[in-house]
Structures are given as C-alpha cells and as structure tokens.
Amino acid sequence: MANPTIIQGGMGVGVSGWRLARAVAQTGQLGVVSGTALPLVLARQLQLGDPDGDLARVLAHFPRPDLVDRIWSAYHVPGGKPTDAPFKAIPMPGLRPSEAYLDLAVLSAFAEVSLAKEGHDGRVGINLLEKIQFPTLPTLLGAMLAGVDYVLMGAGIPRTIPGVLDALARGEPAELKIDIADATDANDGLTRFDPRPYLGNPPCTLLRPQFLAIISSATLALTLARKSNGRVDGFIVEGPLAGGHNAPPRGPMVLSASGEPVYGPRDVPELPKIRDLGLPFWLAGSVAQPDKLAEARAAGAAGIQVGTAFAFCAESGLLPDLKRRVCELSRTIGALRVRTDPLASPTGFPFKVLQLLGTLSEETRVFARQRICDLGYLRQAYQRPDGTIGYRCASEPVEDYVRKGGTIEDTKGRLCLCNGLMANIGLGQLRPEGPEDALITAGDDVAHLARFLPEGADSYHAADVIRWLLGTPATA
C-alpha cells in the first residue's frame, strides 16, 4: 500500500482520540490516536458510564474476557458517577508496574485502536512519547492486538522500539531500558513485559506495525537508521513551530526577550541527508497548507504531518466549548498566541502553550493551583542512596521534590501537564477547591484555523482539513 500523503498528528491526552483518527483514516490518510495516559482515559470514561456503549462493544472482542470483566467491575459506574464526585484513582505507572496497571494499559490501547479502526479499511497509528517510558510496552501490545498499522514516537531517541515491536510480534517477552537519575551501574533500569498472558488461547497472531520516528535533525535520523535494534520504516521531521513538546535548540539555550527559546540555522534539518537514507519522511510544524505540501514533496518528502488543524475540528477530543472559543478567536488577526515555554514541561523539553483566558496559561491560575502529582506519567525514576527506586516530578510540591533529591531551581515554572491535559478533554479531576483547569497546547498554525471555517460556522470537520490540503476547498 502506498504511503499516506497526510499523517494526522498524535496529540495527547485524548485530543487525538479514536473519533478523530477514524475520521482521518476514512479519507484514506493516516489517522493517529494518542497513546499518552490511555489507562487513565479508559478508567475515567468507564466512570462516566460509557453512555454510548462504544467501550463495551469493542472490549467484547478482547482475547481475555476475564480481564475485561475485572476492569469493568473496578471502574464502570452505571449511568455515570455523580457530577460532584471525583474520579477514582488508578495505579500509577512505574518501573515495576502492578498487574492491575498492566491490564489497564493493554486493554485501554486495545480499545482506543479498535474503535479507531472500526467500520473502514483505512490505516491507523498510535503516537507515544519516548520520555513517557513506564507504560510503553503494555501500550504497544494492546495497540498491536487491535491491529495498529503504524507506531510513531518522538520526544527522545527511541532506538530500541523497533526491536520491541519485533519481539511482541513474535509473542515473546520484551524489555525497555528506563532512564533512572542518579543510578549506579548495578541498577540496569530494565522493565520487562511478557505478552503471552494477554494473547488468549489459542494465542493471537500479531502483525508488526511500521515504525516512524519523530525527529528534528538529520543527525538523529542517521543514528536511528543505523543504530536501532530493528527496522525503522520512516521519519517525521518536526520543526519548532509544531505544537506540544519541541526539541530544544541545538547548542546552549538562549531565550528571547519574551523568555522563549531562540531557534537558529543549526535547528533547520538537513533534508538532503535525510532523503539520502532512502526511507520515506514527512515534514511537520506549520505545514497545513497546499503550497507547503507541494514544497514538502519537492524536497523529497512523502507528505506532511498535521496536528493543530485537526486538534480543533469537530471530531477531536477537546471540549466543544474550548474548540468554539479558539475557532472564533482565529477569525481575528492577532487574537491567538502560542508561547514556547522552556520550563512548563517536567520533561525539560520546550512546550507550546496556547494563551487562552480561563486556562493554566494565566499565571494567576498557576499560582492558585495546589501542586500535586497524583497521575505520574511524567514523573522520573531516581535511585535513592540505599539503592531502591523512587519517583519525583518537578511539578509536584516543591518540598517533596527537594526531599527526594531534586533542586528548587528545577521546580520553577513547571506545570502539571498530566492534570491539565486531562481537563482539556472533559476528564479533569474534581478538587476540593474546584475542577482542574485546562492547559492547551497548539502549534503556531492555530492563528489560521479560520481558513477551515465556512461562512457563519463555528466548527469544521477533519475531512475539511484533508480536502483543503489536497487542493479542494473545504466548502466545495
């Protein structure tokens, strides 16, 4: 099958949900679900009652009915939880995850990809972050059980993921090295995962999906192509105008007068070197225009990856009110601004934050929020002096972080991405002081969403974006 021309970006948490991925895949392009925090998304959707029965329908096809029954009993609330009740907590991810967490991770990825693939023969991928390592292995298995076609990964150097996909496709145990701060040589930092308990009886046959690495430089492309432990099938070359996490500038970090990272000529990827590798690649970062697609093809690319244009369409997981507000503001030149925040993300990567009233882009809301780390997807493993493993997050309470060996400097400006991104999709936790605030990420193209809006409309669809990019106006 020919490579897709357009890849829909994998925007977490839940913005690139199954509805969006399915809508894009139905047009013949590559729809992508976000793999970030899927166990949490599934558990909270079940607590809302699964009102349309979508989860019940696809989970009936999971090869382990007993596992489904166990998860359903633990989290499903018939009719949905009371609106004034908080969500029930789930196990936190870690180096040695509990069986309950592994079950939830496998099942949630299976459900998300199954729903995205339902009712058509198009292609669906799943996007993961290399920085979020603990759930990677069970998430990949769950996606593969559902027949995922592509795996996309960025925010790091995923050299071992191709080998992981090979092992899982053979139904064999896989392992992944976890980054552990302050680790000694005696601590190998390996997390191991056996897929066999989830394959059913007789065991399912798994296909190995294609692997696309998200990169920002030719150097990284060369490293992955030559030194990965398995087959790399292509690259997504992402520039600093893209939303979400960005690669830091090469060389020393220099900030502008507004406190944003300054990118220069060294940060422009050398496309001829990437092209010479002979693997397909796609360009990403403010490329959602027909002329940009033409330029990408002229440079040897198979096409483009687009995120922001899809993030605010009708099928995305963002709350409808947030989408309407942003779409309306896009009609006014200069009304929308995205800040590349060098501190917001606990990962240490620059992170794009849409400046929107009523969200955590407002400093007053950040200061008013009580710091807490109760989801744990961006927390870091570290080795204690006694050799045991602990966990810390630069956005947790400062005194807790320092007590665990972190520095006060590392906590400054950090935001709780986990809770903020869950709030974006209507799954934010209810605190004693009120619900969690949203934290919206977007690329610079957010200022141009009005190009997709028909006259007098306040929304548009994923298919409108596809038609626009391929040269047919969305209103045709």
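The model is predicted: local features need pLDDT of at least 70, side-chain atom pairs count only at pLDDT 80 or more, and totals for chains, interfaces and linings use all residues. Residues are numbered from 1 along each chain as its sequence is written, and side-chain values use heavy atoms, with hydrogens and water left out.

**Overall shape**

The protein chain has 17 helices and 17 strands. These are DSSP runs numbered from the N terminus (helices: H or I, at least four residues; strands: E, at least two). The C-alpha trace spans about 55 × 50 × 50 Å along its principal axes.

Buried residues make up 55% of the 476 residues. Buried means under 20% relative accessible area, exposed over 50%, and partly exposed in between (1.4 Å probe, protein chains only). Of the contacts with a separation of 6 or more, 69% join residues 24 or more positions apart. Contact means heavy atoms within 4.5 Å.

How many residues of α2 are buried? The count is 9 of the 10, so α2 is largely enclosed by the rest of the structure. Among them are Leu38, Pro39, Arg44 and Gln47. The buried residues of α2 pack against β2 (31-34), α3, α4, α5, β3 (124-129) and α16 (417-424). Glycine 49 follows α2 and has a positive phi, near 100°.

Helix α4 covers residues 65-75, and its buried residues are Leu67, Val68, Ile71 and Tyr75. Seen down the axis of α4, they fall within an arc of 100°, so they line one face of the helix. The arc is that of the directions from the helix axis to the C-beta atoms. Pro65 and Ser73 are exposed on the face turned away from the buried side. The cover over the buried residues of α4 includes α2 (38-47), α3 (54-59) and α5 (99-117).

**Leucine 439**

Leucine 439 sits in the loop between β17 (434-435) and α17 (462-469). This residue is buried, with a relative accessible area of 0%. Its C-alpha atom is separated by 5.7 Å from that of threonine 359, 80 residues apart along the chain. Leaving aside neighbours within four places in sequence, leucine 439 is in contact with residues including Val353, Leu360, Leu415 and Asn424.

**Backbone sites**

| Cis peptide bond | Omega |
|---|---|
| Glycine 12 to valine 13 | near -10° |
| Asparagine 201 to proline 202 | near 5° |

Valine 13 is in the loop between β1 (6-8) and α1 (18-25). Proline 202 is in the loop between β7 (190-193) and β8 (210-215).

Alanine 37 is not a glycine, yet has a positive phi of about 55°. Alanine 37 lies in the loop between β2 and α2. At 5% relative accessibility, alanine 37 counts as buried. Serine 286 is not a glycine either, and has a positive phi of about 55°. Serine 286 lies in the loop between β10 (281-284) and α10 (290-298). With a relative accessible area of 18%, serine 286 is buried.
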